Amino acid sequence: MAEFTTRLKELRAAKNMKQGELAELVGVRRETIIRLEKGQYNPSLKLAIDIARVFGCTVEEVFIFEE
Amino acid sequence: MKNNTSAFDEKTQAKIDKLTAQYTDKSLSRSERQEAFRELARVRYFADPRPSISVRKQAMFNAVIWFLDTLIFGCITFIKKEMNEGIGNVFSTALFAAMMMTAVFMVAAERKYKKEPDDELSLNSKKRASELAGLALIITAAAVGLLVFTLLEKTFTLNGDNWLGLFCTLVFLYSFLNALFFLIIEGRDTAEAEEDE
């Protein structure tokens, strides 16, 4: 699995959004958002784009892949 | 998917109608229609007022039911023939009644609770679990067969009486292993363990 970190928690806090609210917006379970925040799950392209759209930024600004 | 709510609000109903039209539109690709179906399931799920069972709890429930059914059918198929006819018939009737009760319990639970729909993570986990369950089934069947034929020196003849019992036992065993591997792959229930912050 590619190593990556996310700014999900930070972006959610800025919008005062809970994990469950984000999960409902992008059509996944809260469990999935928790795994994403911990870097334990590689999202599909569609999910990554949907999450980026919620926060109004690019996929690269949400998911940071380490070389 | 059965609609158990009396009425949806206008916005929800409009969304459901749109997604239903997409799902039934044969000009769309299979993956687009599957996506519309999953979205439809989610919209109905959030509009349904019944208490919810998470994907993980559904798997736990299924694992218990399939384990019981495997034991029951296995006993009916393999152990009944070791007993005399009278006791064997009572034994198999009691076990069959127990299996019917598990079916009734499943139907009752289905009506009372709404089921959380799958998302991409759970679908990936289920796909992986079914691969592992298939492999485990072959290994388990081979191991049990070897144990029975070599150590216990018993024989098993496949005939009109027992082929259905053997088939059902293997199907229930596969279902149990599938649910079990899904729970192992999903790991700890972090959604319940952690606060939604």
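The C-alpha centres of domain 1 of chain B and domain 2 of chain B lie 33 Å apart. Domain 1 covers residues 10-47 of chain B, and domain 2 covers 52-189. These bounds come from an automatic or database domain assignment. The model is predicted: local features need pLDDT of at least 70, side-chain atom pairs count only at pLDDT 80 or more, and totals for chains, interfaces and linings use all residues. Residues are numbered from 1 along each chain as its sequence is written, chains are lettered from A and ligands numbered from 1 in the order in which they are written, and side-chain values use heavy atoms, with hydrogens and water left out.

**Between the domains of chain B**

Contact means heavy atoms within 4.5 Å. Four residues of domain 1 of chain B and eight residues of domain 2 of chain B take part in it. Arg38(B), Arg42(B) and Tyr45(B) supply 91% of the area that domain 1 buries against domain 2, more than any other three residues. The side of domain 1 that touches domain 2 has two nonpolar, no polar and two charged residues. Here Ala, Val, Leu, Ile, Met, Phe, Trp, Tyr, Cys and Pro count as nonpolar, Asp, Glu, Lys and Arg as charged, and the others, Gly among them, as polar.

**Two interfaces in a table**

The size of an interface is often given as the accessible area lost when the parts come together. Buried area is that loss (1.4 Å probe), summed over both parts.

| Parts | Buried area | Share on carbon and sulfur atoms |
|---|---|---|
| Domain 1 and domain 2 of chain B | about 500 Å² | 59% |
| Chain B and chain A | about 1800 Å² | 40% |

**Between the chains**

On this interface, 22 residues of chain B are in contact with 21 residues of chain A. A salt bridge is a side-chain nitrogen of Lys or Arg within 4 Å of a carboxyl oxygen of Asp or Glu. The rule finds three salt bridges across the interface of chain B and chain A. Arg56(B) forms a salt bridge with Glu31(A), and their closest N and O atoms are 3.4 Å apart. The elements that give two or more residues to the side of chain B that touches chain A are α2 (30-47), α3 (55-79), α5 (120-151) and α7 (190-193) of chain B. Helices (H or I, at least four residues) are DSSP runs, numbered from the N terminus. α5(B) gives the most to this side, with four residues. By class, the side of chain B that touches chain A has five nonpolar, four polar and 13 charged residues.

Between domain 1 and domain 2 of chain B, the salt bridge count is zero.

How values were computed: Buried area = accessible area lost by both parts, 1.4 Å probe.
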